[in-house]
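Walk through this model from its overall build to a few single residues. Keep the viewer open and follow along.

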Amino acid sequence: MSTSQSKLDARGAPPSRAIELYSPKYFAACTLGGIIACGPTHTAVTPLDLVKCRRQVDNKLYRSNAAAWRKIFASEGLRGVFTGWAPTAVGYSFQGAGKYGFYEVFKHAYGDTLFPNANRTLVYLAASASAEFLADLALCPWEAIKVRMQTTIPPYAHTLREGWTRIAQREGIGGGLYKGLYPLWARQIPYTMVKFATFESAVTAIYKSMGDRPKEDYSKLAQTGVSFLGGYIAGIGCAVISHPADVMVSKLNAERKPGEGAGQAVARIYGNIGFKGLWNGLPVRILMIGTLTAFQWLIYDSFKVSIGLPTTGGH
């Protein structure tokens, strides 16, 4: 019996799934998968993120990443190396829920319901942009706290609660916790568009290079391995394209003056750092984002496989 035949039940029909594709349960499962994929992975790379943000704000602060970690550990201990882990965990769990959950919703709505004959890459780009727009509304307050904690020495706050309270009381919700929303959109929406569209294209290309067989004919281990490789390729691209905006988000959260408009603040900061300054910390961000994105797709698709759903892409 062939592999494809073994996937049929006794009546000759494909076996039913525990979770029907594109049902409310399916989208809820994808949302949960996004939380599991994004929250823990972003939290795990907090030491990299900490040094990246500080070097973006002041590229003369540390000679190297290793020197930075040694200096921080010597003065603040292990807790100092993980400064900002709590808002990172909360914020990127919320963001992962929206990013992956809404992506699946919009991909189905745009590609299968509204525009079934549309170019698939355009569908991926539109779906990911729509998803990230909403996801960043949930991420922004926690990102503001994280960046403020990481880019001030000594830290602006030592706990998530302290950071939230200080910013909200001194600057207000809109003026403090959401003051970086527009730059966050500028960073995250292109990032996510590249992340998802490149991943989908990379996975399709990888399967084509492996032979002219549907992905269901490969083992689950092979399928999740393809997800990991496709994720790393996507991660490199989205790290580069979003890096200037990432630098500006860090600088804005650290240096924007009370009452200063966003455009005015961006112009002032750019005047200080110039075009070259927008690329401070790029190598460490490529390492961080490439690895991060690869593991996120591995975790996300492994979760989907564990509950009987197909992996993303390649179809």
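Where is the place of Tyr 22? Tyr 22 sits in the loop between helix 1 (3-6) and helix 2 (24-44). Helices here are DSSP runs of H or I with at least four residues, strands are runs of E with at least two, and both are numbered from the N terminus. Tyr 22 has a positive phi of about 65°, although it is not a glycine. Tyr 22 is partly exposed, with a relative accessible area of 34%. On this scale buried means under 20% relative accessible area, exposed means over 50%, and partly exposed lies in between, for a 1.4 Å probe and protein chains only.

A word on the basis. This is a predicted model, in which local features need pLDDT of at least 70 and side-chain atom pairs count only at pLDDT 80 or more, while totals for chains, interfaces and linings use all residues. Residues are numbered from 1 along each chain as its sequence is written, and side-chain values use heavy atoms, with hydrogens and water left out.

Now the whole chain. The protein has 12 helices and zero strands. Its radius of gyration is 21 Å, close to the 20 Å that the globule rule gives for 315 residues, so the protein is as compact as a globular protein of that length. That radius is taken over C-alpha atoms, and the rule is 2.2 Å times the number of residues to the power 0.38. The C-alpha atoms fill a box of roughly 70 × 40 × 35 Å along the principal axes. Buried residues make up 50% of the 315. Among contacts between residues at least 6 apart in sequence, 74% join residues at least 24 apart. Contact means heavy atoms within 4.5 Å.

Turn to helix packing. Helix 5 (residues 85-114) and helix 6 (residues 120-151) pack at about 165°, with their axes 7 Å apart. That makes helix 5 roughly antiparallel to helix 6. Axes are lines fitted to C-alpha atoms, for helices over the stretch in contact, and angles run from 0 to 180 degrees between N-to-C directions. Angles under 35 degrees count as roughly parallel, over 145 as roughly antiparallel, 65 to 115 as roughly perpendicular and the rest as oblique. The residues of this contact divide into 20 nonpolar, seven polar and eight charged. Ala, Val, Leu, Ile, Met, Phe, Trp, Tyr, Cys and Pro count as nonpolar, Asp, Glu, Lys and Arg as charged, and the others, Gly among them, as polar.

Lys 107 is found in helix 5. Is Lys 107 buried or exposed? Lys 107 is buried, at 8% relative accessible area. Leaving aside neighbours within four places in sequence, its contacts include Arg 120, Tyr 124, Glu 200 and Thr 312.

Helix 6 has another partner. The axes of helix 3 (residues 46-57) and helix 6 come within 9 Å and cross at roughly 70°. The two are therefore roughly perpendicular. Thr 46, Asp 49, Leu 50, Cys 53, Arg 54 and Val 57 in helix 3 meet Lys 146, Gln 150 and Thr 151 in helix 6. By class, that contact has three nonpolar, three polar and three charged residues.

Next, the loop between helix 6 and helix 7 (160-171), where Pro 154 lies. A cis peptide bond joins Ile 153 and Pro 154, with omega about -5°.

Finish at Leu 181, in helix 9 (residues 181-210). Leu 181 is buried, with a relative accessible area of 11%. Not counting residues up to four places away in sequence, Leu 181 touches Asp 136, Leu 137 and Cys 140.
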